[in-house]
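This note sets out comments on the model shown here.

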Amino acid sequence: MTEIAASSRLPSRSRALRTLGIAAAALLLVLLIGAAAGALLGGTPAPAPKNPFGVGLREGGAATSGLAMWILDVQSSFSRAMTGALRLLKTDPAAVWSLVGLAFAYGVFHAAGPGHGKAIVASYVLASERALRRGLIMSFAAAMLQAAVAVAIVSVLALIFAATARTMTQVAGVIETISFAAVAAVGAVLLWRKAGGFGDLLAGGDAHAGHDHHHHDHGHGHGHAHSHDHPHAHSHDHGADCGCGHSHAPVAPEGSGWRGATSAVIAAGIRPCSGAIVVLVFALSQGLYGWGVLAAFAMGLGVALTTGSLAALAVLAKASARKLAGGGESPKAVLAVKALETVAAAIVLALGASLMVGAIAA
């Protein structure tokens, strides 16, 4: 009884220090890799956006050289073509198909270029016990939210308050900074959970010690997990290696479920799409605001395609790492996956924090 009671207490000081040490090590590793990659690739900071109204946000966090520069050039070409299609709509309603197609293509290249949404979603999927379906849903939701926020900013500020393009950019910049701060907060919480689970695994010396306490899908076709609400692991007579596939260590469940995924989507998605703001302002100036809204959401679908593809690659990378480490629930596989999840969580925190600092300093 004493052992069971002790297992339900708050984490000990030693566990907290161990978790903090692992989290700090993972974050340091990510920063060192990022610094090395930056020094190797070189490049120059992304230039301010060029458009007819001087409205829009800079895409932070990437150098404009090589592939990134080519992607930005393609984006500029699509942007010019979109404004041409909007002008043509005044005399030719059939031009709407060109507008939608161009906006979709712009979104695909826009998401592939400098920016944070795709990296946040992919890293979150990599850091969590989430399947491909959830990663795709997150990608779509974040892209649609970005488009919706852009529409809301332009609609409220321009149509209701008759604000200038500069004011809209300033408001969008504030929301962008809040988005980066939210991403950093989501990353910090995720990193603490993952570092704690990884530390428990290392301390216990058992492949299942840090494994989430869930019933996994065992061929029944269900795409969900049944989480137990016990404050501690099973107290019945199961050993750590009983073969049931569940954790019996006194570890609080990490489970963030859809609530955690929703937090990540909101954090990444409340940052308005800069391309959508540009096309909306231009459409407004041409008296075609409704078509501009359509183009903004078509652009969001293109962004969702790219971010969803990267989320799928993250899931594939995680599955490959598990397979290379022995597959299934082998000790090496569990250890490799937990380490990968911890590093991915550190990436989310590092991205959010660095982009927030850059936005504040800009």
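The points below go from the overall fold to helix packing and then to individual residues.

1. Basis and secondary structure. The coordinates are those of a predicted model. The protein chain contains 11 helices and 2 strands.

2. Of the 362 residues in the protein chain, 45% are buried. Among contacts with a sequence separation of 6 or more, 77% join residues 24 or more positions apart. The accessible surface of the protein chain is about 17500 Å², and carbon and sulfur atoms account for 68% of that area.

3. The largest nonpolar core. This core comprises 37 residues. Within it, Met82, Leu86, Val154 and Met299 have the most contacts. Each of the following helices supplies at least two residues of the core: α3 (67–89), α4 (95–112), α6 (132–160), α7 (165–204), α9 (274–285) and α10 (289–324). A second, separate core has 35 residues, including Met138, Ala261, Ala311 and Ala344.

4. Surroundings of Val154. Which residues does Val154 touch, once those up to four places away in sequence are not counted? The set consists of Leu159, Met168, Ile277, Leu280, Val281 and Tyr289. Val154 also takes part in two helix contacts, that of α6 with α7 and that of α6 with α9.

5. Packing of α6 on α7. The axes of these two helices come within 10 Å and cross at roughly 140°. An angle over 145 degrees would count as roughly antiparallel; at roughly 140°, α6 is therefore oblique to α7. The crossing of α6 and α7 is right-handed. On the α6 side the contact is formed by Ile153, Val154, Leu157 and Ala158, and on the α7 side by Thr167, Met168, Val171, Ala172 and Ile175.

6. Packing of α6 on α9. Here the axes are 9 Å apart and the packing angle is about 35°. The crossing of α6 and α9 is again described as right-handed. Helix α6 contributes Ala150, Val151, Val154, Ala158 and Leu159 to the contact, while α9 contributes Ala276, Ile277, Leu280, Val281 and Leu284.

7. Packing of α6 on α10. The axes of α6 and α10 come within 8 Å and cross at roughly 155°. Because of that angle, α6 is roughly antiparallel to α10. The handedness of this crossing is right-handed.

8. Ser155. This residue lies in helix α6. Is Ser155 buried or exposed? Ser155 counts as buried because its relative accessibility is 18%, and the cut-off for buried is under 20%. Apart from neighbours within four places in sequence, Ser155 is in contact with Ile160 and Tyr289. Tyr289 is also among the residues touched by Val154.

9. Thr307. Helix α10 holds Thr307. With a relative accessibility of 5%, Thr307 counts as buried. Residues up to four places away in sequence being set aside, Thr307 touches Ala111, Lys118 and Ser139.

10. Gly196. Helix α7 is the element in which Gly196 is placed. Gly196 has a relative accessibility of 2% and so counts as buried. Gly196 touches Arg15 and Thr19, residues up to four places away in sequence not being counted. Computed along the sequence, how many residues apart are Gly196 and Ala23? Gly196 and Ala23 are 173 residues apart in sequence, yet their C-alpha atoms are 8.3 Å apart in space.

11. Ala24. This residue belongs to helix α2 (residues 13–41). Its relative accessible area is 45%, so Ala24 is partly exposed; the class of exposed residues requires over 50%. Ala24 and Ala195 are 171 residues apart along the chain, and their C-alpha atoms are separated by 9.1 Å.

How values were computed
Residues numbered from 1 in each chain as written. Predicted model: local features only at pLDDT ≥ 70, side-chain atom pairs only at ≥ 80, totals over all residues. Heavy atoms only, no water. Helix = DSSP H or I, 4+ residues; strand = E, 2+ residues; numbered from the N terminus. Buried < 20%, exposed > 50% of the residue type's maximum accessible area, 1.4 Å probe, protein only. Contact = heavy atoms within 4.5 Å. Areas by Shrake-Rupley, 256 points an atom, 1.4 Å probe, with all protein chains shown as cover. Core = buried A, V, L, I, M, F, W, Y, C linked by side-chain atoms within 4.5 Å. Axes fitted to C-alpha atoms, helices over the stretch in contact; angles between N-to-C directions. Parallel < 35°, antiparallel > 145°, perpendicular 65-115°, else oblique. Left-handed = near helix turned anticlockwise from the far one by under 90°.
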